[in-house]
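User: I am new to this structure and would like to know on what grounds its features are described.

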Amino acid sequence: MADLKSSSILIIGCGTWGASTALHLARRGYKNVTILDPYEVPSAISAGNDINKIKGWADNDSSGGGVDESYVRDRVSQEATAAWEEDELFKPFYHETGYVIAATQEKHVKDLYDEEQPTPEKGFVELKSAEDFRKTMPEGVLTGDFPGWKGWFKKEGCGWVHARKALEAAAREAQRLGVKLVTGSPQGAVTSLIFEDGDVRGVRTVDGIEHRADRTILCAGANAPQLLDMKDQLRPTAWTLAHIKMTPEEVKLYKNLPVLFNVERGFFMEPDEDAHELKICDEHPGYCNWTTPDHSVSTPFSKHQIPLRSEKGVRLFLRETMPHLASRPFSFARICWCADTPNRDFLISSHPDYPSLILGVGGSGHGYKHIPVIGQYIVDCLEGRMDERFRKVWRWRPETAVGRDGSDVQGRMGGSYKVLNLAEIGEEEWTKIQYDHAKL
Ligand code: FAD
């Protein structure tokens, strides 16, 4: 391993997984690591640049797929949980506040039960009435009628993480340990990989500079298909989030709340104590931006507004849970891109045709909470010592994407219960939040 540790390693993207990879390379003693990103950390387009993300219980990623898939999802979740609890770098950002999970339609309540097995032995308490839901939080927080809601509350082993701060900490620590960060455009914006002699020898950036390296690791999230033909294994899909400003008194009342997530309506966690903002995500199968007539290419773009139909979803969620906040204006909103594989398992593999290229992609809507450990797996892959079952589940698997149906909801619910096309949403169908642009 001595040679590999002094070889040149280039990481494309300093978002959630790129920062984690840089950190773990540095922790293992790699000496010559460079990471490129068109934005300063935290990147404005990183899915991890967010005030919070859900960290579910250790085994709640294990629905669907076979024995190996369940094993891999459970293992990575358990290791991430241990790291949030024990790794001094990440510990400050984990809030073990508990988690309320719910659904509205009877069949979805049943599906949720079958998936999560929320039994009392595992620490779940059943919630059957509006009063049951309201009692999971201090008086005055949940004032809604929770029409048709059924769910479960789990107090321990789950909660939320401060995503942006943990991402910044990982990148900062990697840098302290010697990783070179090249951020901003043009110098950090990769335009293409350098393909030579049947391999990848590094990348070119917008300023025309060639960054040659012994190994290249692609961690560009939803933008990865713009740099490499992913054979339809990644579908860039956007979800939507909105913030509302809370008063300092409300922030105090809303402290240490469990996460509340209705799989058909949306979710929220406690307000951010720095900006005093409450983030709400409406739940739906996502928006693609189809830029080819056959809907084979979805191209991410950045926007600090959300479609009006998502605003409606957020306000419906608020009316059912916290009607006293339901008409408060949004202080911030954005679309946020992630890349789904066909079965929503990650894609962490060397490339079969380009031996020096490693892929760390396919976050599939649940890749943030693994930030403390995901880089370890990507480095294991680089070192050719990934556990056999991980190698199988996270492999390069274009055969699973042949004839892929871009409109597949992939098990997600809510909204119109369909994947919608951003290209069909007119300019007047977006929110019109006014910003002080200096702050964006
Ligand atoms: P990103 O974090 O998006 O990073 C990609 C990086 O690549 C960015 O920094 C970008 O600037 C950079 N890049 C792009 N193009 C280039 C280029 N040309 N050159 C160089 N660099 C480039 N997960 C959870 O675990 N819990 C949650 O509650 C949760 N909620 C979510 C809510 C929303 C609305 C969304 C969209 C996702 C959510 N996720 C959640 C999923 C999670 O955020 C992602 O799986 C994870 O952040 C993906 O990490 P990534 O590193 O692959 O991508």
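Predicted model: local features only at pLDDT ≥ 70, side-chain atom pairs only at ≥ 80, totals over all residues.

Analyst: Residues are numbered from 1 along each chain as its sequence is written.

User: What makes the crossing of α2 and α6 left-handed?

Analyst: A crossing is left-handed if the near helix is turned anticlockwise from the far one by less than a right angle, and right-handed if clockwise. The axes of α2 (residues 16-27) and α6 (residues 163-176) cross at roughly 35 degrees and come within 8 Å, and their crossing is left-handed. Axes are lines fitted to C-alpha atoms, for helices over the stretch in contact, with angles from 0 to 180 degrees between N-to-C directions.

User: Which residues of α2 and α6 make the contact?

Analyst: Residues are in contact if their C-beta atoms, placed from the backbone, lie within 7 Å. T16, A19, S20, A22, L23 and A26 of α2 meet L167, A170, A171, E173 and A174 of α6.

User: Why are β9 and β20 said to stand at the edges?

Analyst: Strands pair if DSSP finds at least two bridges between them. The open sheet has 6 strands in the order β9-β2-β1-β13-β21-β20, with mixed pairing. β9 (180-183) and β20 (347-350) each have a single partner strand, so one side of each lacks a neighbour in the sheet.

User: How do you know that β13 and β21 pair?

Analyst: DSSP must find at least two bridges, and 3 bridges join the parallel strands β13 (residues 215-218) and β21 (residues 357-361). I217 stands opposite I358 in β21. Strands are DSSP runs (E, at least two residues), as are helices (H or I, at least four), numbered from the N terminus.

Definitions and conventions
Contact = placed C-beta atoms within 7 Å.
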